[in-house]
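Let's go through some of the labels used for this model and check each against its definition. Have the coordinates open as you read.

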Amino acid sequence: MYAILDIESTGGKYNEEGITEIAIHRFDGHQVVDKFICLVNPEREIQPFVAKLTGINNKMLRSAPKFHEVAKRIVEITEDAVLVAHNAQFDYRILRTEFRRLGYDFQRKTLCTVDLSKQLIPDAESHSLGKLARSLGIPMSDRHRANGDALATLKLFKLLLDKDSDKKIITEVIREETHGELSPTQLDMVFDLPSETGVYYMHDKDGQIIFIGKTKDIKKRVNQHFTNVGKVARKLQKETKKVTYEKTGSELIAILKAYLEQKKNRPRYNHVSKGKLFTHTIDFSQNGTEHIMLAPEKNRSLEHKKLAFNGIESARSFVKKVSEEFDFCPASLETDNKCPKAINAPGALECNEKVLSAFEKYSIQDKNVALTDQGRHVGERSFILIKNGRLQGFGFVELNHQINNIHILESIMTPMRSDENTTFIIETFLRKNNRLKTIPLTS
């Protein structure tokens, strides 16, 4: 017996979401024998982007039953059944969280149609519900509503059942009740973790750090370690006895701290690269030609007037982006391209100034600057200090604090070691993130 399930939630912080709508179709392998479809008052606000996606708003749910009023019906309709859902780990986690709030340990075997479809339709362009349904000719209505998605999942599941004629794969994909769920000890470890940006440390029974990670949501990421499958995940689940963390507010500080602390501590289950994190560079210097020509090259040395990239495609994508942003001359991109400003020194000079403007924006070379971002709490800013183009350290200041004096920042910062990889990390982040504010420093 199967219970085809779909849940819509409020969104919000991990494990703090509430159910807004639920649809369950009890399916005996041939036909639906029972169903339950219901809006649910989550007793918390719906995130605006979720309301826009689902069409379910706070006003609609005011008179809907609360979860404790429908809990018994959910237990009855799923009794002795395998829960089937598209991305079943999400629906099962939300459902178990709601029952846990009532003091009830809800356990069912689960089957994920994402996993099943990957086994039975491996060549599909995408295994998302919408794209799979479209490619298989499954009609869909009420997308992102519980019953619309549950019916689409039911039709997909029927098709997958037919494909798995000897039912061997489906048996392999079914997860046991507690598989992918946290043990009581792991629940205790995750409970007190913040849903905030920072670095986390997983310790073994002797207190040794066995894994260091960085994330924008510490609680969510550690929870994933405890529910993931895979060789390393299983070892972390078995050996982790304590999780500590350090909030950074800034994602870039978290990335730098994790890199440097992994390099220093070499935890058992971190893959720590001994070499360079980049594979290619782009040279912004004038190498015997009138025009500075931006050609990515395979190189693991970050020399003067160079930017580093992890892969040729990343380098090419950057050249394309900045050529549009700064309106580069065609001759700055290819040797055979002609300069529309005519072949003379003033023309080349103007073209080169545009190229150097791009380098100035995205490089920290030779600069004395503070890169500021959000802090760990309201009223605080974080900063990363760069002196003579090298990372010096990081720190936190109150919002009204003037961040422009290099000596003051040096006195309050936490030092960090600088190398070519830290320069690469910072410059890569600058290319991708517009939130950082660059403040020139005075002595």
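Predicted model: local features only at pLDDT ≥ 70, side-chain atom pairs only at ≥ 80, totals over all residues.

Q: Why is α4 called largely enclosed by the rest of the structure?
A: Buried means under 20% relative accessible area, exposed over 50%, and partly exposed in between (1.4 Å probe, protein chains only). Ten of the 14 residues of α4 are buried, so the helix is largely enclosed.
A: Helices are DSSP runs of H or I with at least four residues, strands are runs of E with at least two, and both are numbered from the N terminus. Helix α4 (residues 88-101) has 14 residues. The expected span is 1.5 Å times one less than the number of residues; α4 reaches 20 Å from its first C-alpha to its last, close to the 20 Å expected.

Q: What makes β7 (209-215) and β8 (242-247) edge strands?
A: Two strands pair if DSSP finds at least two bridges between them. The open sheet of three strands has the order β7-β6-β8, with antiparallel pairing, and β7 and β8 each pair on one side only, hence the edge label.

Q: How do you know that β6 and β8 pair?
A: Six bridges join β6 (residues 198-203) to β8, against a requirement of at least two, so they pair. In one of these strands, β8, E246 is the bridge partner of V199.

Q: Which strands does helix α12 lie across, and how is its angle defined?
A: Helix α12 (residues 251-265) lies across β6, β7 and β8, at about 165° to β7. Axes are lines fitted to C-alpha atoms, for helices over the stretch in contact, and angles run from 0 to 180 degrees between N-to-C directions.

Q: Why is the link between Q365 and H304 called a polar contact?
A: A polar contact is a pair of N or O atoms within 3.5 Å; within protein, one must be able to donate a hydrogen and the other to accept it, and residues adjacent in sequence count only if both atoms are side-chain atoms. The side chains of Q365 and H304 are joined at 3.0 Å, so the pair falls within the cut-off.

Notes
Residues numbered from 1 in each chain as written. Heavy atoms only, no water. Contact = heavy atoms within 4.5 Å.
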